[in-house]
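Visitor: I'm new to this one. Can you walk me through it?
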Amino acid sequence: AKDPELGAPLRQRFEEQNLQVQQNLDAFIEETGAEAPDLRTIGIRVDEALRARAARDKARIRVLYNAADKAGETAQNLEMENVVSFLNENTPEITVAPVLKVARDKAVQLGLVREAEDGTLIAIPGTLKDGELWRRSVRRAAGVDPTNIEFSRRLQRVYDNETADLGGNLYKQARAARSRFARDYEDVAIVSRLMDTKRGSADRAVALEQVLNNSVLGPSSDVDSLRHLRKVLQTEGPEGQQAWREIQGGLIAEIRDRVLSNASMDTQGNRIVSPAKFDRIITDLDKSGKLDFIYGKKGAENLRTLNDASLQLFTAPPNAVNTSNTASVLLQALDTLASFGVTGLPVPIMTALKKTGQLLKERKIKQRVTEALE
């Protein structure tokens, strides 16, 4: 492949195959139906679909709670004894979980507790409506910090258990709708992070440009999380279904960009596929089960086949033409000197004999190259 003349057909075939692998990846992207041209647009599509569905779900929940309020069901007495016990027991954890301080302060503000002289909290009667306002504050204060999130969820579970038998049917319907909302948007990290903002900031927890990597390749991403994300998106309607297609196409585009991220180019100016990088990312997706889940059995098998082909195809130097011919000149000189020392023939005669032998050898090599390419 390094020979300027004899290796030309090999290099040409390599360049054709290098381009074909890239064209196959482009064709796979088209088959997904993805339209987003870049990572930011993918993030926007996913974000808009999630927020549109969440907004509709929130509206339904408000309607249900308002109906419960009008029916007087949330005016029922509430005494949060178990919640207060939890807050008292975990007072030392306030330094690592500020949500606990928010919970204490909000309970005092709403008149659900009072503070004793020694700093402990004592539950006092309030209303179910005040309890729901308290729960909402605790949920919102969780942020993205894992410790904060864990304590917020534990507090909410204690409250939910304490109020499970309170209220009427309308209130129970509202609570059930709110629980579904939590399961869809808050309890699975892959979704909650996409919708959250950084603590104390209006900035997104996950930048739009990072939505794809965070959802599919990030440490919190697994097949179960992806299945949940797909369910949430696809029940949104056409916008959500298209958002999922953007994830499918965007991942193949990310694979393509990674395998072409080296600086090497062939003589046609096309970047050269890195079979090692291709194999690494396909193998990782395959081991985690994501390849089959995202693309189905047929699509996953196509990507595996293309990966296997690239490992077999790209084994020869792609464009390493020995233009200086240094190696062949040195070998010829050494061969000539050795032959002259043995035969005693003049160098010009030996050179002529070598040239004849070289032509015969080149003819055989050309034949072998042609047969290999066929």
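What follows is a short chat about this predicted model.

Visitor: Now contacts. Of those between residues at least 6 apart in sequence, what share joins residues at least 24 apart?
Guide: That share is 68%.

Visitor: Show me one residue in detail. Where does I247 lie?
Guide: I247 sits in helix α11, which covers residues 238-259.

Visitor: Buried or exposed?
Guide: I247 is buried, because its relative accessibility is 1% and the cut-off for buried is under 20%.

Visitor: So what is I247 in contact with?
Guide: Beyond its neighbours within four places in sequence, I247 contacts V46, L212, V216, L229 and L233. Take L212, which is 35 residues away from I247 along the chain. The C-alpha atoms of the two are 6.4 Å apart.

Visitor: Another one. Which helix holds S310?
Guide: S310 is in helix α13, residues 290-313. S310 has a relative accessible area of 0%, so it is buried. Leaving out neighbours within four places, S310 contacts P275 and F278.

Visitor: Switching to charges. How many salt bridges does a search of the whole structure find?
Guide: It finds 24.

Visitor: Why would charged side chains pair up at all?
Guide: Side chains of opposite charge can pair when their charged atoms come close.

Visitor: Give me an example. What does D105 form a salt bridge with?
Guide: With K101. The closest N and O atoms of D105 and K101 are 2.8 Å apart. The two residues are 4 apart in helix α4, so about one helical turn separates them. D105 is partly exposed at 41%, and K101 is partly exposed at 44%.

Visitor: What about R227, which partner does it have in a salt bridge?
Guide: D224, with the closest N and O atoms 3.2 Å apart. Both lie in helix α10, 3 residues apart, about one turn of the helix. R227 is partly exposed at 39%, whereas D224 is exposed at 57%.

Visitor: And E254, what does it pair with?
Guide: E254 forms a salt bridge with R258, at 3.1 Å between the closest N and O atoms. Both are in helix α11, 4 residues apart. E254 is buried at 12% relative accessible area, while R258 is partly exposed at 35%.

Visitor: Last topic. Which residues form the positive surface patch?
Guide: K58, R62, R136 and R140 form it. Helices α2 and α5 each supply at least two of the patch residues. R62 is found in helix α2. At 51% relative accessibility, R62 counts as exposed.

Technical notes. Residues are numbered from 1 along each chain as its sequence is written. This is a predicted model: local features need pLDDT of at least 70, side-chain atom pairs count only at pLDDT 80 or more; totals for chains, interfaces and linings use all residues. Side-chain values use heavy atoms; hydrogens and water are left out. Patches are made of residues with over 30% relative accessible area and no salt bridge: like charges are joined within 9 Å, nonpolar side chains (Val, Leu, Ile, Met, Phe, Trp, Tyr) within 5 Å. Accessible areas come from the Shrake-Rupley method with a 1.4 Å probe; for residues, only the protein chains shown count as cover. A salt bridge is a side-chain nitrogen of Lys or Arg within 4 Å of a carboxyl oxygen of Asp or Glu. Lys and Arg count as positive and Asp and Glu as negative; His and the chain ends are not counted. The place of a charge is taken as NZ of Lys, CZ of Arg, CG of Asp or CD of Glu. Buried means under 20% relative accessible area, exposed over 50%, partly exposed in between (1.4 Å probe, protein chains only). Contact means heavy atoms within 4.5 Å.
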